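Here is a walk through one protein model, taken in short steps. Keep the sequence and the 3D view side by side as you read.

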Amino acid sequence: MSLKKNQSLCRRHFCLCCIGSALTASGVWLSPARAYAEARNIVDLIRDDAAKAPIKVHKLRGDVSALEGSGGNIAVLTGADGKVFIDAGITASRSRILEAANSLSRDPIKHLINTHWHFDHTDGNEWLNAEGAAILAHENTHKHLLTAQRVEDWDFNFPSPPLAAVPTEVFSSQMTLQLNGSTLALKHYDPAHTDSDISVTFTDADILHAGDTYWNGIYPFIDYSTGGNIDGMIKATEANVAAVTDKTIIIPGHGQPVSNKAELTEYRNMLVAIRDNVAKLKQQGRSLEDTIAAKPTATFDAKWGQFVITPDFFTRLVYHGV
Ligand SMILES: [Zn+2]
């Protein structure tokens, strides 16, 4: 999702921020399916937004930059071996992504690495492949992109993408690449946001792209339909914290794209506190509705609850996994 806090989605007649709080007057929890059915689906909203959103370029360090504004945050490594993209964004942003990438260098785009299978990171795979990029990803990303997928909490069925969008090179645990004079270390997380998440570390520039295991300053989505779970998110975040120093630049999957260890640590603390709060309520035998009503995220909402994953929606995602 490319939208910044309080950006255009929330100004439309349909407010995504209301999905998570879809309690009726009688206190009956609307199923996500019913809540979404009253509006256009979240996936089309994100695609429509990407069709208009500007692409912001952040020069990070060495030959690495981040592109913000089309689905998940994209990292770009430039150099004589051709550009390396980490994640592909949304197809509707193609011309603006190309313009932004050309402003960095005129190297052709030769490599694309997907951090996981979700559409807001792989929608652009087909056009990037047509530009000349070979696609590399975890074997579970390959598996999910070969067939139709359903994400229950978005109430959305994704058709199987065209073959040109499917990664042609896969790995299972870890992999190291040498490109443009840089070392790229790829590592699979145990199931966290999905079962296909990987981190990409630019060793020389000391930059970590954490994919959607990290949402900077906003509650994260957790995709239980393809293997994600809250404890895995916390474990992946612990691994991220352990892998960085105060000098490391951390690129989150979503949220402000230039982050650091202090912000990542705050995110870890938030995940742990809310997991513990929700687990305690569930152990007391409280239903999902009662748990949401008890507001276990309350002390974090002002900061973290301002994006598409609302406090109620996030509580539901955590409740599912504890
Ligand atoms: Zn994702």
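**An enclosed strand, a zinc site and a buried serine**

All 5 of the 5 residues of strand β2 (residues 64-68) are buried, so β2 is largely enclosed by the rest of the structure. Bear in mind that this is a predicted model.

Look at the two faces of β2 next. In a regular strand, side chains alternate between the two faces of the sheet. Here both faces are covered. V64, A66 and E68 are buried on one side. S65 and L67 are buried on the other.

What does β2 pair with? Strand β1 (residues 56-61) pairs with β2 in the antiparallel sense, over 5 bridges. Strand β3 (residues 74-77) also pairs with β2 in the antiparallel sense, over 4 bridges.

The turns come next. The hairpin of β1 and β2 has 2 residues between the strands. In that hairpin, G62 takes a positive phi near 60°. The hairpin of β2 and β3 has 5 residues between its strands. Its turn holds G69, with a positive phi of about 130°.

Now move to the metal. Which residues hold the zinc ion's protein donors? They are H116 (NE2), H118 (ND1), H193 (NE2) and D212 (OD), lying 2.2 Å from the zinc ion. In sequence these donor residues are spaced H-x1-H-x74-H-x18-D.

The cut-off for buried is under 20%.

Then check the geometry. The angles among the 4 donor atoms run from 85 to 173°, and the site of the zinc ion is irregular. For four tetrahedral donors, the ideal angle at a metal is 109.5 degrees. Why is the site not counted as tetrahedral? That label requires all angles to lie between 85 and 135 degrees, and the range here reaches 173°.

Finish at S199, which lies in strand β12 (residues 198-202). Is S199 buried or exposed? S199 counts as buried, because its relative accessibility is 8%. Setting aside neighbours within four places in sequence, S199 is in contact with A185, L186, K187, Y189, L208 and H209.

Terms used. Residues are numbered from 1 along each chain as its sequence is written. This is a predicted model: local features need pLDDT of at least 70, side-chain atom pairs count only at pLDDT 80 or more; totals for chains, interfaces and linings use all residues. Side-chain values use heavy atoms; hydrogens and water are left out. Donors are N, O and S atoms within 2.8 Å of the metal (3.2 Å for Na, K and Ca); water is not among the atoms, so sites may look incomplete. Four donors count as tetrahedral if all angles lie between 85 and 135 degrees; four count as square planar and six as octahedral if opposite donors are over 155 degrees apart and all others between 65 and 115; anything else is irregular. Buried means under 20% relative accessible area, exposed over 50%, partly exposed in between (1.4 Å probe, protein chains only). Two strands pair if DSSP finds at least two bridges between them. Contact means heavy atoms within 4.5 Å.
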